[in-house]
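Please look through the sequence and the structure shown here, and then follow the report below with both at hand.

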Amino acid sequence: MKRLVVMSSGGWFVRGACFVLLACGPGLGAAPAADLRDLAPVRLFPVEIETVGAPQPLPLLPPDVEQGVDAGEGLRASLFAPGPDEPGEFGADWTYQRGLKPYAGYGIAGSHAAHAPLTVSSLTSPDAWKLGAENWRYTGSDGTDLTLGSYSPRSFVWGGGARLGGVALTRSLSDGVVAEDRWQYGLVLGALNYTDAAASSGALAYGAGASDAVVRYGVSPDLTLETQVQWAPDMVTAGLGGLYSTSWGAWRVGVAKATRDLHEGWRYRVGYDVSLIEDIKLSWLTEQRSGGFSDLGNYNGFAVDSGQTRNVVSTSIALGRWGTVRGSYEQVDSQAAPLKQQFMVSQQFWYSPNLRVSLSAQREQISGNYGLGLEFSLPIQ
């Protein structure tokens with residue numbers, strides 16, 4: 001602290017704490033403004049402040065109607081009608097079914113728990129972590145995806161995938177033709193996941209350790225080759241397939257060989273997808289496998305048999321704001337007798353911005369089992 005010294009008849013008079021009064025006292029006059037600023041214990045300096053824009057909210061994922069993934073956390077109610085000769089009472093949870101579970105595919109959301117995705121990302125980068133119902137997923141701007149948790153391998157030509165729990169790394173995987181001279185791949189390491197996807201919590205069920213790898217390469221603008229390898233204890237399965245696109249549709253062809261313990265088997269698959277008009281699509285698939293064939297899809301219930309033949313015909317009709325109506329017929333035969341003959345019909349649409357409705361029906365011709373489903377989904381923000 002600076003001190004002000006004033007001469008008096010008795011000698012030097014020094015006061016540090018009263019310098020303002022002394023400076024303004026009689027006989028001294030007013031001190032210059034610059035001197036007062038120098039004596040101030042606190043000084044103010046101009047500081048440039050950068051302008052920061054208002055915070056922008058992160059966008060939520062849009063409702064994926066095609067895959068049946070909920071876009072918001074919500075309240076759900078399902079109603080299943082009783083079959084003939086069954087009691088006519090409904091349970092308190094509004095669910096009832098006979099023989100068949102609510103169909104999980106074709107856009108039906110009944111098998112997925114309502115969930116609002118949590119996104120952690122930067123406002124200046126498309127890279128982001130997303131918390132899903134069963135996993136954490138990182139999406140990179142270069143097309144790389146890293147998933148921690150439950151994951152279903154994506155193989156569109158060769159098929160035979162199963163849900164795994166572990167770590168998955170993929171790069172630009174798509175369900176169509178790969179661009180010429182481009183690569184796509186996917187690798188997942190973990191354990192077979194048999195947890196009920198419809199369970200809201202708990203009930204975790206895992207099987208043996210397993211891995212699944214798929215690689216796709218664009219040979220030409222119309223031809224894509226795909227190879228896949230699956231591994232589990234005492235089992236190795238490898239396959240090669242191709243996707244050829246034409247102006248009328250797309251052909252899918254695949255062949256795979258499996259070894260399990262002392263057994264060997266083959267599987268052959270041919271499929272065709274076509275669009276009749278803009279809003280109507282048809283698909284056909286035929287598959288034949290020998291008795292010793294095994295993959296991750298039937299790893300848990302594998303049994304040597306005489307082989308099977310499988311045929312699937314499906315269609316989808318787009319109805320605009322009323323969603324898409326999907327129907328299919330699947331038949332599985334062994335050399336001894338038919339094993340499965342099942343019809344399925346489903347529709348899912350947004351009735352209003354806050355109400356989604358799902359309808360489903362299925363019938364198993366051989367066993368006589370069937371299921372009817374009506375589901376409402378109410379997002380809660």
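This is a predicted model: local features need pLDDT of at least 70, side-chain atom pairs count only at pLDDT 80 or more; totals for chains, interfaces and linings use all residues.

Side chains of opposite charge can pair when their charged atoms come close. The side chains of Glu 287 and Arg 269 meet in a salt bridge, with 2.3 Å from N to O. This pair links distant parts of the chain, for Glu 287 lies in strand β15 (residues 280–289) and Arg 269 in strand β14 (residues 263–277), 18 residues apart.

Another salt bridge joins the side chains of Lys 340 and Glu 330, at 3.3 Å from N to O. Here strand β18 (residues 338–352) provides Lys 340 and strand β17 (residues 324–334) provides Glu 330, and the two residues are 10 apart in the chain. Lys 340 is partly exposed, with a relative accessible area of 25%, whereas Glu 330, at 15% relative accessibility, counts as buried.

Through salt bridges that share partners, Arg 269, Glu 287, Arg 310, Glu 330 and Lys 340 are joined into one network. The structure holds 11 salt bridges.

## The nonpolar core

The largest nonpolar core has 13 residues, and those with the most contacts inside it are Leu 192, Ala 210, Ala 232 and Leu 296. The elements that give two or more residues to this core are β8 (164–171), β9 (183–193) and β10 (206–218).

Leaving aside residues up to four places away in sequence, Ala 232 touches Gly 209, Ala 210, Leu 296 and Tyr 299.

Note on methods: Residues are numbered from 1 along each chain as its sequence is written. Side-chain values use heavy atoms; hydrogens and water are left out. A nonpolar core is a set of buried Ala, Val, Leu, Ile, Met, Phe, Trp, Tyr and Cys residues joined through side-chain atoms within 4.5 Å. Buried means under 20% relative accessible area, exposed over 50%, partly exposed in between (1.4 Å probe, protein chains only). Helices (H or I, at least four residues) and strands (E, at least two) are DSSP runs, numbered from the N terminus. Contact means heavy atoms within 4.5 Å. A salt bridge is a side-chain nitrogen of Lys or Arg within 4 Å of a carboxyl oxygen of Asp or Glu.
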